[in-house]
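User: I would like to learn how to read a protein model. Can we go through one together, feature by feature?

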Amino acid sequence: MELHSLTLHELRDLIIKREITAKDAAFAYTRRIGQVEPDVNAFLTLTPGKTIEMAEKADKILNGVQPGAGLPALLGIPIAVKDNMCTKGIKTTCASRMLENFVPPYESTVTAKLQAAGYILLGKTNMDEFAMGSSTENSAFGATKNPWDLSRIPGGSSGGSAAAVAADMCAAALGSDTGGSIRQPASCCGVVGLKPTYGRVSRYGLVAFASSLDQIGPVTKDVEDCAIMMNVIGGHDALDSTSADVALPDFTANLKDGIKGLKIGMPKEYFVEGGIDKDVYASMMEAVNVLKSLGAEIKETALPHSGYAIATYYILATSEASSNLARYDGVKYGYRAKEFDDLLDMYKRTRSEGFGPEVKRRIMLGTYALSSGYYEAYYKKAQQVRTLIKRDFDEAFRDVDIIITPTSPTPAFKLGEKTADPLQMYLSDIFTISVNLAGIPGLSLPCGMTSDNLPVGMQILGRHWGEETVLRAAYAYEQATDWHTRKPGM
Amino acid sequence: MQYEPVIGLEVHAQLKTKSKIFCGCSTLFGQGPNSETCPVCIGMPGVLPVLNKTAMDFIIKTGLAMNCTVAPYSRFARKNYFYPDLPKGYQISQYELPVCQGGYVEVVVDGSVKRIGLTRIHLEEDAGKNLHEGIEGASHVDLNRTGVPLMEIVSEPDIRSASEAAEYMRKLRAILRYIDVCDGNMEEGSLRCDANVSVRPAGQKEFGTRAELKNMNSFKNVQKAIEYEIKRQIAIIEDGGRVVQETRLWDANQGITLSMRGKEEAHDYRYFPEPDLVPVEVSKEWLDDMRATMPELPDAKRERFAREYGIPDYDAMVLTESRALADYYEKAAKLSGAPKQASNWIMGDVLRELKNAGAEAEECPLEPERLAGMIKLIESGTISGKIAKTVFEEIYRSKKTADEVVAEKGLVQITDAGEIGKVIDEVMAANPQNVEQYRAGKTALLGFFVGQVMKKTGGKANPGLVNDLLRKKLA
């Protein structure tokens, strides 16, 4: 078996046993990237110099430690980072013309934590511009292709990260999720993706899309890898006031304890036959049987306000985005229009030329929703509905420990299929969006294949700070099936 | 027709914190452009604000000092607008839930106390500064000031004259300096004021249309600008015109206000709750802690001074205008054991000297200890009040004590009746005509004789003794 096809924990075991060096691991991935990246286009920036430098540094640490002694959790592990997390001295573009040449002078908290854990950076992954989209087609630098079928989208907005993991171009990746941007691409690409509880992972250095919804999380080859990554990136950060000061458990500790007696809810609103792709539906029904066979108790549950999630989300997320993206004005950094008459003209041209159509659409929506005279009817109302959606989950979690849903109503669709119809595109996130509104954790893992040989993802939701239970259920299901071992034929 | 002005003030006070409100950068002034900045205050992609707790402490203290309700739960909001000196494209401020609500301060108007209500006090960050001068074909931006903590104190429209507005400003400044949260320097912009001014026919209940005045950088300018604006609005109404709602700039050189922007150009700031900051909860413990650090405030001090030291209300008010002056007075009063004398000297000579030098009480070169030393000499009769003027001059401009000056210059008062009597005899001998006139009933000449005796003794003769002896000898 090739090194690049190993999971993170398998690779780590080889490094711990000194069977391979960090450099071996790094080269395995850079070679693999050289082979398949031209077809996939998962990366916006590759950092070969940095990769070698970090691998050598990791090997130095490795050589300085007696075999058998503890090592940093990600020592020598090659990882890809979504291009909306600031990396000091390395371009961070958000897949936007606006930040095409932006080199941050500071490091995000998550990548600083990865560094402290000894990781090797491979590069920065492609995404929908400013994380706005569900297909990675909104990248200003070309779409990423789905490794399972190059004519299809990898999902979005963390499409580059999911495709890179699926195509074995990295051992693991970081994504960010505002309305499904980790889980939906993980589902489309047949990998594992977790959006942690809001406040679990620091957002410092994550270029903001919608501050009250954004959350960074891992994209990995299996559930154990996801738990290992969470151990590294989670925890309170004094630089992010919204990161919660709650204890960070060891997510691997109870991973293998099984799910006997676990109460699993199936929201009736999410399992409407005909509302979702028939292969997705069938895969979910099969998954339910597997979970039952593992000793879980399946119950129907209700999330009555689900129908309002998309409308609520597109008011709140765009409102926050319209403000978060105001800083891209051509004054301090980033793109500035070449020609302009005066200050106002510079603003207009810079922003008209620097942002793509979806970003502009959302800025306009959000600006409108916050405008005087409309604020009460839109933003305020949406906040109220958000509270109702949160309450739905609180209610549901009185009776069940976790909730399962399909991650996405359809498998990966064709490139260009939905670009002309933004509303159709928005519906890709119908099962993931309410999770961000509620702030709870949600994980997507492979649970089947369609007749077209495309991966299907199952979403597992937990209570606030309930990642351990989510991961334990996901692990149990994963071990009972072999979907996670399937690879695209690349 | 009689008109009544209606005035409300929005005062911005820069807080004296060492670091900025949402990052660790220094708040020092006068540094090179953009030297006091970091990714957070420059508004780099991905950065997040973290609230400076000291800024919260300061606004809580202000709220307590101004009788406000300190909200147990408050939150920040974004005020959105584009301007080069605003790097994030929004200012973090407060909107729906400010830290302080209600409250009042008391000012003395025409000898009686008037209460000016407060609407709210909230925290926000300052913007940077655009630089246009000395740069060919370009403007630059200095972001050193970006993120410096400001407190906005909004009054109710309770103010009825320009002088009342200036009095209110002085009072705010005094309180802010007492609790040591703002240095109150209007010229340097650490205390800024916008005024909403309207006029209405006396007796009318509804407010007239208001203009918002900006750019008044001293107490004097606040008063002048409002005075001008009141006259301008009355003139418009008298001419049958209508005041328009607009923002007007005070031009101190021309002494007039000029239209800056109209209502139709007013911004829609699209306020919404700041999602990057969690709401601030002020616990009872926090409030109690702040209450425990509160010093005695001007009003309480004024009452106590009048009561304890038996000085007039007016003196007590002047002496409590700043904490440093009040401390100065209290020290001088206690050390000299003559609170009234101390008050007279400080109200007169000390404040005159400070005013001439444009200095504050804390910068006074004459320490209260040395002033008290001089007052003691007067009280003991060692020097006369007149001699004391000379001694004051000397000790104010040197580091000498009054005792040293008196000894050096031989300024000790002559209290020996025999010695003074001799001088009187000489004076009477030299002015026989005047003696005659006095004795004929022109007693007003007494002053002439006193003057002559003082002149001959170089002002050292004890005036009381001189008077007594003269009356006896002239009788």
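**Domains of chain B**

Analyst: Chain B is assigned domain 1 (3-288), domain 2 (296-409) and domain 3 (417-474). Such bounds come from an automatic or database domain assignment. This is a predicted model, where local features need pLDDT of at least 70, side-chain atom pairs count only at pLDDT 80 or more, and totals for chains, interfaces and linings use all residues. Residues are numbered from 1 along each chain as its sequence is written, while chains are lettered from A and ligands numbered from 1 in the order in which they are written.

User: How far apart are the C-alpha centres of domain 2 and domain 3 of chain B?

Analyst: They lie 33 Å apart. Four residues from domain 2 of chain B and four residues from domain 3 of chain B make the contact. Two residues are in contact if their C-beta atoms, placed from the backbone, lie within 7 Å.

User: How do I read the overall form of chain B?

Analyst: Start with the radius of gyration, taken over C-alpha atoms; the globule rule is 2.2 Å times the number of residues to the power 0.38. For 475 residues, a compact globule would have a value near 23 Å, but chain B has 29 Å. Next, look at the box: the C-alpha atoms of chain B fill roughly 95 × 55 × 55 Å along the principal axes.

User: What share of the residues of chain B is buried?

Analyst: A residue is buried if 20 or more other C-beta atoms lie within 10 Å of its own, exposed if 12 or fewer, and partly exposed in between, with C-beta atoms placed from the backbone. In chain B, 41% of the 475 residues count as buried.

User: Now a strand. Which faces of E2(A) are covered?

Analyst: In a regular strand, side chains alternate between the two faces of the sheet. Strands (E, at least two residues) and helices (H or I, at least four) are DSSP runs, numbered from the N terminus. Strand E2 of chain A spans residues 78-82, and five of its five residues are buried. Both faces are covered: A:Pro78, A:Ala80 and A:Lys82 lie on one side, A:Ile79 and A:Val81 on the other.

User: Which strands pair with E2(A)?

Analyst: Two strands pair if DSSP finds at least two bridges between them. E2(A) pairs in the parallel sense with E3(A) (residues 120-125) over five bridges. There, A:Lys82 has A:Thr125 as its bridge partner. E2(A) also pairs in the parallel sense with E4(A) (residues 172-177), over three bridges.
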